[in-house]
Amino acid sequence: MNIEIKANPQKVKTGNFNYSNIKSQYGVNTQYFTKNGKPYTVIAGELHFSRLPRERWRETLLKMRECGINTISTYVFWNYHEEIKGQFDFEGNKNIAAFLQICRDIAMPCILRIGPWCHGEVIRGGFPKRIHKMTKKRCDTPQYLAEVRGFWQGLYKEVKPYLDGETVIGIQLENEYTGSTEHIRTLRKIAENIGFKTPFFTMTAWPSGKPDNDFLPMVGGYPDAPWTYGKKALKPNNRFAITPAKTESEIGGDLFKSNAEQKGVYDNIPYASCETGPGNQVTQHRRPYISEKDGYGVCFAKFASGVNWLGYYMFCGGANPNDRLMQENRLTGYPNNYPIIDYDFQAPISRYGVCRPHGDRLRLMHLFISEFDDEICTKQAYFPKWKSNNPNDISFLKCSVRADESGSGYFFSSTYEKGLKYNDFKDINVTFVINGKTIYLPSIDIKAGSMFFYPFNIKLGSVHFDYILAQPIAKTENDGKTVCYFAQCEGIEPKCSVDGKEIPLDFSENGTDMEDVKIIVIPYEKAKQFHFINGKPYFLDGTVYCDNGKVYCEQITDTDIKNEITLSKTNKRKLPYNYYLYSTGRRSYYELKLPKNILDNRFDVKLEFDFEGLNLQVFSGETLINDYFNIDRKFVMHLRDYKKYIAKNQTLIIRTAPKTKFGISNVYNEIPVPLHSDRLVLNSAEVVKISEV
């Protein structure tokens, strides 16, 4: 297959942008962002401080940093902090000042998404009940704006010390707004009058799809759409495609009808995202399973397509507070039923702080941005002409080149799309033309289901490479040599070319030496254990983070204490929230008996259950402490988050509900769940240790 990619570089202009109201180290032009005057890629991961235990904030932020996140995004839900007018709650897990202080301490900038309407799968989109009852809200009516001003004044008192242009670097106003941008402009005036200062005011670019120079437009896209109403697998829709299209037609489709993509509208606007989805939150009626490739694929495609502000939603999962019902549900007039507690989102880092395989894959991509080519944002994306826009058309390769005007850059390829079965591509020959220069890339076979990129026309040390058929991760200087770490491109033998001569690259730790350059290629599965900390490589199996110069690794041990725990069926109990199991089937009740000292001298204990029912709830006494909508027939709890409950009551009650053929419990499960089963079996109770490396 012959593929031609012709570059038509967009001229980089200053742009007439009014995103900032403070002097800061951050800047922007029509193509990319800058920090201290140098090109800079923002890698922003969403974490909701109010959905995590406060004692795990610092640890979780550092885990995100180790995954390559350099900026944190977080919602500030109005009804978490001021459900009753004038009564503010910024205590405990809601203490935003304490959260921002940690961000400042570890030099992790933050983007506040302050609404006033947020969505975030929170009841009433984060509106207090009194606001939700207003006939005119989310518009320029005096009563509504006065309420917004009151909330933001209370919030400002908490965050004022951190509006320094370094800690809080962005403020998103509203979310998924369907009305005129004039209302968001009004909100900005209110925020500025109160005193909010920020390098970037942002807004979601859906559904309007019309950029505004006062707000950085943020796009998004997810691996699935569990908010849609069907109960079958979604049809492919180029969700994972490398494409010049920047807007996405499905996102937010539960709340409004999206406008069609407007070609060319974003050509002179920096390409930024706030909701690129490495996961999905499940709804009652739809249960997609996000695999490693699902969680990586959309993000990889956006990067290959030229995004320069990678914003992930969610990068770390969480849990709703259990002091009151805070989840979106149909009883409150919203389209979807969600779990009361669980907000894991199948994110790269789980709600319990465990890095998943797609987190490991994303770390490699982020390391490339920070440790191999920190000016990748200056390299524009170019694409071949598609043969068809039909999402089911797998006859051609979805690919791109990101390159500078000299023709030095990277070739990106993807043959993965959830729900599609690609065939292998044989003899792919790519010709790249830029500024009158023609570059011939090597002929390769591309394996179905693979996603990778490799450099071409690149200089490392004093050596000019025609190409290197491996995916770059990081480089460093060591004893006068440029040492470069690469991961194997799936299904491709690693090799390079210098002055037209091909040289094989092996997988040995010694690497391949060429003058003042050493290339070390790592098999892809092993590369997922690769960390690059303070210029040194580490191969670690577990969840890793660095704190004050010390490297820590959380790992599952070989110690299984399942025999110390009993799980047995018990009689019916009178417990709250029975309705929210959303099943017409008969409930079952289990007693989970734990030793009182189960966490003594242990960092954590991971319980894993085999579960064949539809939904379950976990109670300590009559207090709901956890729930789960069955996705993969596995239910997991990490006990350290429940330490205070176990100390008081070592017997937890688990109430389950089966899937049935009719009614509300007839749902779509990507991984099938048997009908009428309530089977719950404790599979393992593994001890988790934390070690200093």
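The following dialogue discusses how to read several features of this predicted model.

Q: What do the radius of gyration and the globule rule say about the chain?
A: One starts with the inventory of elements: the chain holds 10 helices and 42 strands. Its radius of gyration is 25 Å, close to the 26 Å that the globule rule gives for 693 residues, so the chain is as compact as a globular protein of that length. Along the principal axes, the C-alpha atoms fill a box of roughly 75 × 60 × 50 Å.

Q: What percentage of the residues in the chain is buried?
A: A residue counts as buried when its relative accessible area is under 20%. Of the 693 residues in this chain, 63% are buried. The accessible surface of the chain comes to about 26500 Å², and carbon and sulfur atoms account for 46% of that surface.

Q: What share of the contacts joins residues 24 or more positions apart?
A: Among contacts with a separation of 6 or more, residues 24 or more positions apart account for 75%.

Q: Which side chain of opposite charge is nearest to D627?
A: A salt bridge requires the charged atoms to lie within 4 Å. For D627, the nearest side chain of opposite charge is R351, at 5.5 Å; D627 is buried yet has no salt bridge. D627 belongs to strand β38, residues 623-629.

Q: Which backbone nitrogen atoms does the side chain of D627 reach?
A: The side chain of D627 reaches the backbone nitrogen of I341 at 3.1 Å and that of D342 at 2.9 Å. Leaving aside residues up to four places away in sequence, D627 touches P339, I340, I341, D342, R351, L616 and Q617.

Q: Where does S180 lie, and what is its relative accessible area?
A: S180 is found in the loop between β8 (168-173) and α6 (181-194). With a relative accessible area of 44%, S180 is partly exposed. The side chain of S180 reaches the backbone nitrogen of E182 at 3.1 Å. S180 and S395 are 215 residues apart along the chain, and their C-alpha atoms are separated by 41 Å.

Key. Residues numbered from 1 in each chain as written. Predicted model: local features only at pLDDT ≥ 70, side-chain atom pairs only at ≥ 80, totals over all residues. Heavy atoms only, no water. Helix = DSSP H or I, 4+ residues; strand = E, 2+ residues; numbered from the N terminus. Buried < 20%, exposed > 50% of the residue type's maximum accessible area, 1.4 Å probe, protein only. Lys, Arg positive; Asp, Glu negative; His and termini not counted. Polar contact = N/O pair within 3.5 Å; in protein donor to acceptor, adjacent residues only side chain to side chain. Contact = heavy atoms within 4.5 Å. Rg over C-alpha atoms; globule rule 2.2 N^0.38 Å. Areas by Shrake-Rupley, 256 points an atom, 1.4 Å probe, with all protein chains shown as cover.
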